[in-house]
Amino acid sequence: ALEYDPLPDGSTSTRIVNAIAMLEEPELASRPVRALVARYRFACSFHEADPAPALRAAAADLDAALQFPVQLAYEDHFVRHVRGQVGVRLALALEEARPQEAEDVGAKAAEDLMWAVTQNVAAYGSHLSLPSFLIARAERKARVNDFEGARRDLALILEDPRLMNAPQDTREQAAGRMHQLALEEGIRIGEAGRLESALRASVSAAPQQGLSWLVVALAAKRMIAALPRTALDRQLLHDLLARLHANQPDSSRSIEHRRQHQSHVAGLTMYLARDEPALLGTALQDYDATLSLHDGLDAPPELLALRADCQLQNAKRMVTLGQDVAAEDLLEDAAAAFLALAQQGAGQGQDSTFRHDVAFSKAGEAYHRLAGLSNLDAHVRTAIDCFETSMRHGNDSHQVQGLLGDSYYRLFRMTRSGSALERAIELKRLARQRGGESRENLSVSGRLHHMKWQVSGDERDLV
């Protein structure tokens, strides 16, 4: 009656409740009657805020039904199949409040469902109840690092001949979840070889419902962190990037899930772009896509800094390609972004985990390179101020000292200020003493001393 003749005022359910209440003991001593009552209670559980009481009552009715003689259409396999369905739903209802009971109830439910399939594959082999429960149980096992137990549950769906007729989308979900298990295990163990093997399998597999591409992206990030750059298979990384671009999460996923996915994609693109500058444009698009998911909310400073650095690297490439106008636009944006982040981080003091000292040096580099295109005194002076601020905050590496020396050199060329030249020479000397002995650093140092000799005429400046 509930299924075929539901009345909008709820009177159908009332009629059934009244009919059950009228049943007397001799009438209840019947397998069909107890099974039908159980199925009614099972149906009611889907409309209850707390379904557990109705499900417990249904399970009790089914236990009783199995004690009575078999009747046509109510064979043991049918009753146990229904009891398994009830047990699966009860296990889910108890999962949060009573996890151990949920596990026990779930194990009994799986036993009932598998027994029914064994007895009548034609009737139950294509049913969704058992494979859906096995997938859910595998996920719970994976959360507590029982990867072996999770694999056993998924393998039943994929390999047990009794479940070969399970719905195709469910089998695909189980296959995808099996790949994801290998990735999750690799992430938690941190073993690079296992991560690489799992990632290869994920890339080569057909698209599957149960595989979270966010987990794939995180596994790729962990593999990159665990292996030397020279040991990484770049073709694998390119294949992963292509699959991640092609499998963007849709709007049904949480906004945080989509942000994390896109952020990992941008990071992987930028990693590859370090050695393949042609990818820098794609990396910037990926960072822009990540920022668009913040919907006007304040984006994390780390993300803004990564995007600004991508702009800076893009600008360097544009200069080598002779595209100075495009480079200048990128440098202006990067310089402004780094400076704003640095000042904001410095204002937060000890409460900030953001490296504002590094942001100041990055702003200095962007303004220094911008000055090379604009030839504006203001840009080079801002670069000097940013570098010196970075050094005052403790970031006094030879790279920062060398770049600051370059900025003073540029200021000297603009203003012919002797003090700027002296400061450039001193900073290059300090950078060399701290390990900055690159060919470029030595070349600029030699040029500076030659310029000083041209001004002073003192041959000691050539030594």
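Student: What share of the 463 residues in the chain is buried?
Tutor: Buried residues come to 45% of the 463, where buried means under 20% relative accessible area, exposed over 50% and partly exposed in between, with a 1.4 Å probe and protein chains only. This is a predicted model, so local features need pLDDT of at least 70 and side-chain atom pairs count only at pLDDT 80 or more, while totals for chains, interfaces and linings use all residues. Residues are numbered from 1 along each chain as its sequence is written, and side-chain values use heavy atoms, with hydrogens and water left out.

Student: OK, and how many helices and strands are there?
Tutor: The chain has 22 helices and zero strands. Helices (H or I, at least four residues) and strands (E, at least two) are DSSP runs, numbered from the N terminus.

Student: How much of the contact count comes from residues 24 or more positions apart?
Tutor: Of the contacts in the chain with a separation of 6 or more, 61% are between residues 24 or more positions apart. Contact here means heavy atoms within 4.5 Å.

Student: Switching to H9, what does it pack against?
Tutor: Its buried residues pack against helix H8 (129-143) and helix H10 (168-189). Those buried residues are Phe-147, Gly-149, Ala-150, Asp-153, Leu-154, Ala-155 and Ile-157.

Student: How far does H9 reach from its first C-alpha to its last?
Tutor: H9 (residues 147-159) has 13 residues and reaches 17 Å, close to the 18 Å expected; the expected span is 1.5 Å times one less than the number of residues.

Student: And Ser-202, buried or exposed?
Tutor: Buried, with a relative accessible area of 1%. Ser-202 is in helix H11 (residues 192-204). Leaving aside neighbours within four places in sequence, Ser-202 is in contact with His-179, Leu-183, Leu-211, Trp-213, Val-216 and Arg-243.

Student: How many cavities of 30 Å³ or more turn up?
Tutor: One, from a search of the whole structure. A cavity is a set of points, on a 1 Å grid over the protein atoms alone, where a 1.4 Å probe fits but cannot get out, and lining residues have an atom within 4 Å of a point.

Student: Which residues line the largest cavity?
Tutor: His-81, Leu-113, Val-117, Tyr-124, His-127, Ser-129, Leu-130 and Pro-131. Helix H6 (99-119) and H8 are the elements giving two or more residues to that lining, and H8 supplies the largest share, three residues.

How values were computed: On a 1 Å grid over the protein atoms alone, a cavity is a set of points where a 1.4 Å probe fits but cannot get out, and a pocket is an open set with protein on both sides within 12 Å along at least five of seven lines; lining residues have an atom within 4 Å of a point. Grid points are joined across faces, edges and corners, and a volume is the space filled by probe spheres set on the points.
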